[in-house]
Amino acid sequence: MATTYFTEDHEWIRVEGGVATVGITDHAQDQLGDLVFVQLPDVGQKLAKGDAAVVVESVKAASDVYAPIDGEVTEVNEATASDPALVNSAASSDGWLWKMKLADESQLANLLDEAGYKAIIG
Amino acid sequence: MGTDENLKSLPLDDLHKAAGARFGGFAGWNMPITYPLGVMKEHLHTREKAGLFDISHMQLFELSGREAAALLSHACPLDAAALQQGQSKYTFFLNEQAGILDDLIVTRLGTAGADGTAGGDSGGDRYMVVANAGNAAADEAHLRHIASGFDCRVEALPRVFLAIQGPQAADILRMAGLSGTELAFMNGFEPKPGWFMSRSGYTGEDGFEIGLPAGEARELVAALLADERLAWIGLAARDSLRLEAGLCLHGHDITPDHDPVEAALTWAIGKPVREKGGFIGAEALRAKLAAGTVRKRVGLKPDGRQPVRGETVLIDADGNEIGLVTSGGFGPSAGHPVAMGYVARAAIDGNLPIFAELRGNRIPVHIHPLPFTPHRYHKG
């Protein structure tokens with residue numbers, strides 16, 4: 001059973017079997033506007049919570065996507081690098097960015113649930 | 001992007017809100033940045049059909065009087081008296097060091113009556129000057145200061161200013177019953193009292209700019225938007241369109257620290273004007289033309305898909321600083337990142353490899369001819 005968490009930095013984290021899939025929220029892609037560039041991390045890269053894992057650039061601006069928790073990158077979604085607009089059209093599904101093996105599942109307790117995230121974006 | 005209460009609102013602010021615009025601050029104004037179409041589609045729509053831009057943040061000045069031409073020929077590197085009636089010219093205010101205080105479009109309107117308004121010719125000539133929003137107050141002070149020595153009135157006109165840009169622009173205006181669609185590029189006139197219309201723009205496309213009173217602007221907007229080929233376009237797409245067209249944004253690509261020689265804008269200053277001098281900055285400009293420049297504004301195409309933004313430092317293969325990007329982003333029509341900036345002449349002339357350092361990655365950047373997308377002006 002997968003559980004989905006959110007961060008104040010507008011990421012979603014879907015956890016299943018000790019592996020987290022990370023993407024940006026629909027609200028985030030809407031705020032960024034049309035994406036033209038996605039730079040993904042390397043598979044095997046070790047990320048600490050708060051590390052800039054991904055760079056997304058829209059026509060107007062660049063933004064970092066931060067690692068929401070500690071872990072090792074196990075897979076990246078190359079489709080978003082070749083077609084950044086996929087993140088706009090399917091931010092919470094096919095537009096996922098990377099998967100990571102969790103180093104410390106207890107960190108998940110500090111993340112938001114959907115209701116908490118919705119309260120933030122209003 | 002909340003509303004900053006220090007920002008001025010456009011006269012048609014309510015129309016932009018109703019159209020679903022997202023706003024942001026620019027040059028002291030709360031401006032529509034994007035509409036629900038989004039910057040990418042807005043940009044492409046303008047190049048394919050036509051876009052409607054509210055550029056009322058820009059300032060129109062009317063100059064009239066027997067010495068209006070003399071004033072302009074002193075304030076700008078321009079022979080204002082040599083302009084034909086209706087002819088527009090891209091020019092500048094320079095400082096004494098030939099630094100660019102602002103870039104402008106000056107149009108010769110016709111003769112003035114004794115009271116400075118149209119009708120009669122006892123009051124000399126009339127000109128329209130269109131200036132950038134961010135410099136409007138400084139430009140007005142500059143003009144008034146210079147005008148104290150000339151028989152010339154300077155009037156800042158309160159106008160809504162609209163741009164209709166794109167290959168369908170002329171047809172849309174014609175269908176809406178507007179006169180002026182027969183104008184050639186860089187010509188302007190006054191179709192009605194209080195109106196100013198020119199065939200010009202900031203996108204590289206054919207198009208028109210129309211200044212008019214707010215009440216009539218609402219009627220015009222309603223009539224024009226009834227044509228489904230026309231859509232509101234925000235400031236974000238205006239920026240990507242002008243960047244692809246290789247057009248400078250004052251405050252970024254040209255500033256008082258840049259002169260027209262290094263900015264590669266000497267085409268805007270006729271040779272007779274350069275030789276005759278007499279305008280503010282003439283001596284400094286002559287010296288720069290004679291000595292050559294150490295840097296030059298060029299188009300820049302980064303390898304790959306990552307945009308290289310303004311303020312990015314350019315380096316050579318050894319990491320030495322050789323230039324600076326002044327504008328950069330993604331070109332939706334070009335299909336790749338586009339930028340412009342200043343590069344050391346030695347690096348340009350030596351065809352040296354140029355790099356931009358982005359977040360630790362060294363991205364090769366190539367000098368690219370401007371514009372990135374061909375201009376499609378209606379030369380008449």
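Residues are classed by relative accessible area, where buried means under 20%, exposed means over 50% and partly exposed means in between, with a 1.4 Å probe and protein chains only. By this scale Pro191(B) is partly exposed, with a relative accessible area of 25%. The structure is a predicted model, in which local features need pLDDT of at least 70, side-chain atom pairs count only at pLDDT 80 or more, and totals for chains, interfaces and linings use all residues. Residues are numbered from 1 along each chain as its sequence is written, chains are lettered from A and ligands numbered from 1 in the order in which they are written, and side-chain values use heavy atoms, with hydrogens and water left out.

Chain A contains four helices and nine strands, where helices (H or I, at least four residues) and strands (E, at least two) are DSSP runs numbered from the N terminus. The order of these elements, read from the N terminus, is β-β-β-α-β-β-β-β-β-α-α-β-α. The radius of gyration of chain A is 13 Å, close to the 14 Å that the globule rule gives for 122 residues, so chain A is as compact as a globular protein of that length. The radius is taken over C-alpha atoms, and the globule rule is 2.2 Å times the number of residues to the power 0.38. Along the principal axes, the C-alpha atoms of chain A fill a box of roughly 35 × 35 × 25 Å.

Of the 122 residues in chain A, 45% are buried. Contacts (heavy atoms within 4.5 Å) between residues of chain A at least 6 apart in sequence join residues at least 24 apart in 57% of cases. The accessible surface of chain A comes to about 5700 Å², with 46% belonging to carbon and sulfur atoms; such areas come from the Shrake-Rupley method with a 1.4 Å probe, and for residues only the protein chains shown count as cover. Chain A carries 7 positive and 21 negative side chains, and the centres of the two sets lie 3 Å apart. In this count Lys and Arg are positive and Asp and Glu negative, while His and the chain ends are not counted. Each charge is placed at NZ of Lys, CZ of Arg, CG of Asp or CD of Glu.

Chain B has 10 helices and 20 strands. Its radius of gyration is 21 Å, close to the 21 Å that the globule rule gives for 380 residues, so chain B is as compact as a globular protein of that length. The C-alpha trace of chain B spans about 65 × 50 × 45 Å along its principal axes. Buried residues account for 57% of the 380 residues in chain B. For contacts in chain B with a separation of 6 or more, 66% are between residues 24 or more positions apart. The mean positions of the 36 positive and 45 negative charges of chain B are 4 Å apart.

Several local features were examined. Pro191(B) occupies the loop between strand E11 (188-189) and strand E12 (196-198) of chain B. Leaving aside neighbours within four places in sequence, Pro191(B) is in contact with Ser179(B), Phe196(B) and Met197(B). The C-alpha atoms of Pro191(B) and Ser179(B) are separated by 6.9 Å, with the two residues 12 apart along the chain. Leu249(B), in the loop between helix H7 (235-244) and helix H8 (271-276), counts as buried at 15% relative accessibility. Residues up to four places away in sequence not being counted, Leu249(B) touches Phe26(B), Tyr202(B), Asp239(B), Arg242(B) and Ile254(B).

In helix H9 (residues 282-291) of chain B, Ala282(B), Ala284(B) and Leu285(B) are buried. Seen down the axis of H9(B), the buried residues fall within an arc of 160°, so they line one face of the helix; the arc is that of the directions from the helix axis to the C-beta atoms. Glu283(B), Ala290(B) and Ala291(B), on the other side of H9(B), are exposed.

Most residues other than glycine have a negative phi, and most peptide bonds are trans. Phi of His10(A), however, is positive, near 70°. Ala264(B), in the loop between H7 and H8 of chain B, has a positive phi of about 60°. A cis peptide bond joins Leu370(B) and Pro371(B), with omega about 0°.
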